[in-house]
Amino acid sequence: MLEEWVSTVRRSSSALGLKDITDRYLGRLFSHAPLGKDDIWPSETVRDIIEAIHSDGIKFGTRIGLYNARGAFWRKNGSDQERELADKYRF
């Protein structure tokens, strides 16, 4: 179902010459995906879509969405916060 919706959105935006910006916004949307059943982020459906499309715009949008979701932050000594965050998204 999600795959069909993404395909329709990308096809429509391509016809309007807006494919690149659409891919970035799809990526930002995907950045809010839940964990998969295997406790790996993002969910299996979103992973499959990202891998099938293989769009730099979607990857970029996802990174921006994840970065912005963190909000303002201050680093503690030793950068432990960044290591924990990196571990969360490492496959």
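Buried, on this tour, means under 20% relative accessible area, exposed means over 50%, and partly exposed is in between (1.4 Å probe, protein chains only). You're looking at a predicted model, where local features need pLDDT of at least 70, side-chain atom pairs count only at pLDDT 80 or more, and totals for chains, interfaces and linings use all residues. Residues are numbered from 1 along each chain as its sequence is written, and side-chain values use heavy atoms, with hydrogens and water left out.

**Stop 1: Ser 31.** Select Ser 31, in the loop between helix 2 and helix 3; helices here are DSSP runs (H or I, at least four residues), numbered from the N terminus. Is Ser 31 buried or exposed? Its relative accessibility is 8%, so Ser 31 counts as buried. Now look for a polar contact (a pair of N or O atoms within 3.5 Å; within protein, one must be able to donate a hydrogen and the other to accept it, and residues adjacent in sequence count only if both atoms are side-chain atoms). The Ser 31 side chain reaches the backbone oxygen of Arg 28 at 2.6 Å. Leaving out residues up to four places away in sequence, Ser 31 touches Trp 41, Thr 62, Gly 65 and Leu 66, where contact means heavy atoms within 4.5 Å.

**Stop 2: helix 2.** Step back to residues 19–30 and color Thr 22, Asp 23, Leu 26, Gly 27 and Phe 30, the buried residues of helix 2. Look down the axis: these buried residues fall within an arc of 145°, so they line one face of the helix. That arc is taken from the directions from the helix axis to the C-beta atoms. The buried residues of helix 2 pack against helix 1 (2–15), helix 3 (44–53) and helix 4 (56–69).

**Stop 3: the core.** Stay on Leu 26, which touches Trp 5, Val 6, Arg 10 and Ile 58, not counting residues up to four places away in sequence. Then show the nine residues of the largest nonpolar core: Val 6, Leu 26, Phe 30, Ala 33, Trp 41, Val 46, Ile 49, Ile 50 and Ile 58. Such a core is a set of buried Ala, Val, Leu, Ile, Met, Phe, Trp, Tyr and Cys residues joined through side-chain atoms within 4.5 Å. Helix 3 supplies the largest share of this core, three residues.

**Stop 4: helix 1.** Pick out Val 6, Arg 10 and Ser 13, which are buried in helix 1. Down this axis the arc is 70°, so the buried residues line one face here too. Finish just after helix 1, where Gly 17 takes a positive phi of about 75°.

Key:
Helices (H or I, at least four residues) and strands (E, at least two) are DSSP runs, numbered from the N terminus.
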